Structure formats: C-alpha cells, structure tokens
Amino acid sequence: MKESTGKVPGLAVVLVGQRQDSLAYVRKKIMACHEVGFRFSLAELPESCTEEEICDALSNYNKDASIHGILVQLPLPQHFDEGKILNVLSLEKDVDGFHPLNIGNLAIQGREPLFIPCTPKGCIELLLRSDVEIAGKRAVVIGRSNIVGLPAFLLLQVIHLSHIAVNLLHSYKSNFLQISIPHEHCLQRHHATVSIVHAYSENPEMITREADILVAAAGVPNLVRGSWLKPGAVVLDVGINPIEDLESENGYRLIGDVCFDEAVKIASAITPVPGGVGPMTVAMLLQNTLEAAKRALHLT
C-alpha cells in the first residue's frame with residue numbers, strides 16, 4: 001500500500017481514564033501498529049472530561065483522512081452514555097465493530113457488517129484454524145456484554161472469516177502454531193447451539209458442563225473452576241483481570257476468568273491469560289484497520 005499510494009493505514013484510539021486493563025490494551029495496540037508500519041494516534045482524556053470532549057475527539061478523527069480506523073477504548077466510566085458516544089463514530093472507521101449498524105447487520109442473516117468486533121472475531125478464528133468443529137455443538141458464552149458476550153453469541157452461529165496470519169489456540173499438548181489464512185475474503189455459516197450465562201443464571205456450572213465450546217467473558221477472576229467443565233471441552237478465556245502481586249514489576253499480574261491450573265487438566269484446549277485471546281484481538285483490529293484503509297483508498 002505504501003509503495004503504490006504513499007500512504008499507510010492509520011488507527012486512532014480514544015482513551016478515557018486510567019483503568020489498568022485499558023492502559024495495557026492500548027500499549028499493545030501501539031506496539032502492534034509500530035511493528036507493522038501503521039500510523040497510530042492516541043487521544044487521552046481524564047475520567048473527569050465531558051461527553052462533549054469525547055465526541056469532539058471522535059469528530060476530529062472522523063474528518064482526518066490519514067486515520068482509517070477509530071476505536072473508543074471500552075468500557076467507558078459508568079457515568080458516560082456509551083451508546084451516544086459510539087453513534088458519533090463514522091461507520092466506515094468503526095474498526096471495533098461496535099457501531100449500532102455494524103452490530104445490527106451482524107445479527108441479521110443475509111446482512112454483513114463492515115466490521116466485526118475484534119475479540120469475538122479472534123475467538124472464532126482460533127476455533128476455525130484449530131479445526132474445532134462448531135456446527136451442531138453446544139457452546140456456552142459466559143457474559144453478555146456488547147463488547148464480547150453478545151457478538152460472540154452471534155458469531156458462534158454465523159461465522160465470518162478473515163485473512164491474516166495468526167497465532168493459534170494454545171493447548172496443553174502443544175505450543176503455539178503459526179499458520180496463514182487465505183487472502184480471499186470468505187464467509188461461512190456454522191450453527192452451534194448457543195447459551196449465554198449471566199449474573200442471574202441459575203446453576204451456571206450445570207450449564208457450562210454441557211458446553212463443547214466455552215467462551216468465558218465475565219470479567220471475574222478464576223470464576224470458572226475445573227468442575228464447571230465438560231471433559232474435552234475447548235475453552236476460550238477472554239477475561240483479563242489485574243490482581244495484586246507485590247513481586248511483579250508493576251505490582252499486579254493478569255489472570256483470566258478460568259482457573260487455568262484446574263481447567264488445563266480437563267479441557268482439550270485452552271487459551272492462556274495473558275497471551276491467548278489478547279494477541280488475537282489486536283491481530284483482528286489490525287486486519288479491520290487494513291480493510292478500512294483499502295476501502296478508503298479504493299484498493300482491491
């Protein structure tokens with residue numbers, strides 16, 4: 001792209017506040033953009049800022065032709081109207097896939113969104129490229145957030161494929177496997193039987209024990225114990241929870257929603273935290289940004 005047009009894909013992030021996990025995510029995005037030669041821009045705002053200031057930052061990026069992808073680092077502090085803010089985002093630059101039109105098109109069969117939310121998209125890529133059978137299988141998603149739970153629920157039924165090199169599912173039987181995804185864009189439909197477990201679900205461990213595929217995205221450290229798993233289940237741990245660790249350089253370490261030491265003895269494959277779903281999320285973000293740049297520059 002740079003050789004043919006003199007331009008490179010540009011990604012902008014709007015960060016509000018100083019959440020540890022959000023700061024960690026943004027650092028990884030900066031590193032990834034620098035590694036692949038993307039332009040990166042960061043708008044940092046204090047938690048005390050106004051919604052108008054956030055919307056102004058988004059509007060400026062909407063008008064910036066050198067920026068092809070924009071995301072608001074979620075979750076926002078609770079006093080902000082997330083829906084109102086995301087509505088300001090240009091649909092053509094919504095590389096996180098959270099614009100209402102993108103989510104709506106994802107939910108309706110026969111429609112296709114411009115972008116698919118990066119974390120659930122990465123989860124599905126891991127399953128597909130690890131040859132995990134999905135059609136007809138029982139899948140359970142823990143958590144129903146707009147960021148992961150809801151789109152993961154949809155994608156386990158309608159699966160969109162992408163085309164970049166990825167690091168695949170980490171199994172306790174093997175190390176990471178590097179493969180290449182074909183360069184043609186393709187769409188396949190697979191039909192899992194999907195349930196969502198949330199804070200009001202009764203006997204959640206009984207529901208998860210039926211899952212052939214489990215996506216844990218509750219944001220609760222070590223919520224899923226080994227006793228919650230069906231032997232041979234495939235586990236995607238989306239949780240990234242900072243817990244105090246005075247021996248760590250930063251004073252904390254990251255753990256998932258799944259108790260890894262217990263689950264690894266029962267699951268056939270499981271993503272570690274950190275280093276599992278997180279890198280896939282960043283990879284899907286880069287892929288979405290590249291696609292946005294191609295559209296903007298009218299490249300095939």
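Select Val-234 and Ala-269: Val-234 stands opposite Ala-269 in β14. Helices (H or I, at least four residues) and strands (E, at least two) are DSSP runs, numbered from the N terminus. Val-234 belongs to the pairing of β11 (residues 234–237) with β14, where the two strands run parallel and are joined by two bridges. Two strands count as paired if DSSP finds at least two bridges between them.

This is a predicted model, in which local features need pLDDT of at least 70 and side-chain atom pairs count only at pLDDT 80 or more, while totals for chains, interfaces and linings use all residues. Residues are numbered from 1 along each chain as its sequence is written, and side-chain values use heavy atoms, with hydrogens and water left out.

**The loop between β10 and β11**

Next, pick Pro-221, in the loop between β10 and β11. Pro-221 counts as partly exposed because its relative accessible area is 38%; buried means under 20%, exposed over 50%, and partly exposed in between (1.4 Å probe, protein chains only). Which residues is Pro-221 in contact with, leaving aside its neighbours within four places in sequence? They are Asn-241, Ile-243, Ile-255, Gly-256 and Asp-257, where contact means heavy atoms within 4.5 Å.

**Salt bridges**

Now show the charged side chains. A salt bridge is a side-chain nitrogen of Lys or Arg within 4 Å of a carboxyl oxygen of Asp or Glu. By this rule there are six salt bridges.

Begin with Lys-230 and Asp-212, whose closest N and O atoms are 2.7 Å apart in a salt bridge. Lys-230 lies in the loop between β10 (213–216) and β11, and Asp-212 in the loop between α8 (204–208) and β10, so the pair ties together parts 18 residues apart in sequence. Lys-230 is partly exposed at 30% relative accessibility, and Asp-212 is partly exposed at 21%.

Move to Glu-51 and Lys-84, which form a salt bridge at 3.4 Å, N to O. This pair links distant parts of the chain, with Glu-51 in helix α3 (residues 51–63) and Lys-84 in helix α4, 33 residues apart. Glu-51 counts as buried at 19% relative accessibility, whereas Lys-84 is partly exposed at 46%.

Then select Arg-253 and Asp-245, a salt bridge with its closest N and O atoms 3.4 Å apart. Arg-253 is partly exposed, at 42% relative accessibility.

**Asp-96 and helix α5**

Go to Asp-96, in the loop between α4 (82–88) and α5 (100–107). Asp-96 is buried yet has no salt bridge. How far away is the nearest side chain of opposite charge? That side chain is Lys-29, at 5.3 Å; Lys and Arg count as positive and Asp and Glu as negative, while His and the chain ends are not counted. Not counting residues up to four places away in sequence, Asp-96 touches Ile-70, Leu-71, Val-72, Ile-116, Pro-117 and Cys-118.

Continue into α5 and colour its buried residues, Asn-102, Ile-103 and Leu-106. Viewed down the axis of α5, they fall within an arc of 95°, so they line one face of the helix. The arc is that of the directions from the helix axis to the C-beta atoms.

Select strand β1 (residues 10–16), where seven of the seven residues are buried. Gly-10, Ala-12, Val-14 and Val-16 point one way from β1, and Leu-11, Val-13 and Leu-15 the other way. In a regular strand the side chains alternate between the two faces of the sheet. Seven bridges join β1 to the parallel strand β2 (residues 39–45), and Ala-12 stands opposite Ser-41 in β2.

Helix α2 (residues 20–36) holds Ile-30, which is partly exposed at 23% relative accessibility. The C-alpha atoms of Ile-30 and Leu-42 are separated by 8.8 Å, the two residues being 12 apart along the chain.

**The whole protein**

Finally, show everything: the protein has 10 helices and 14 strands. Buried residues make up 51% of its 300 residues.
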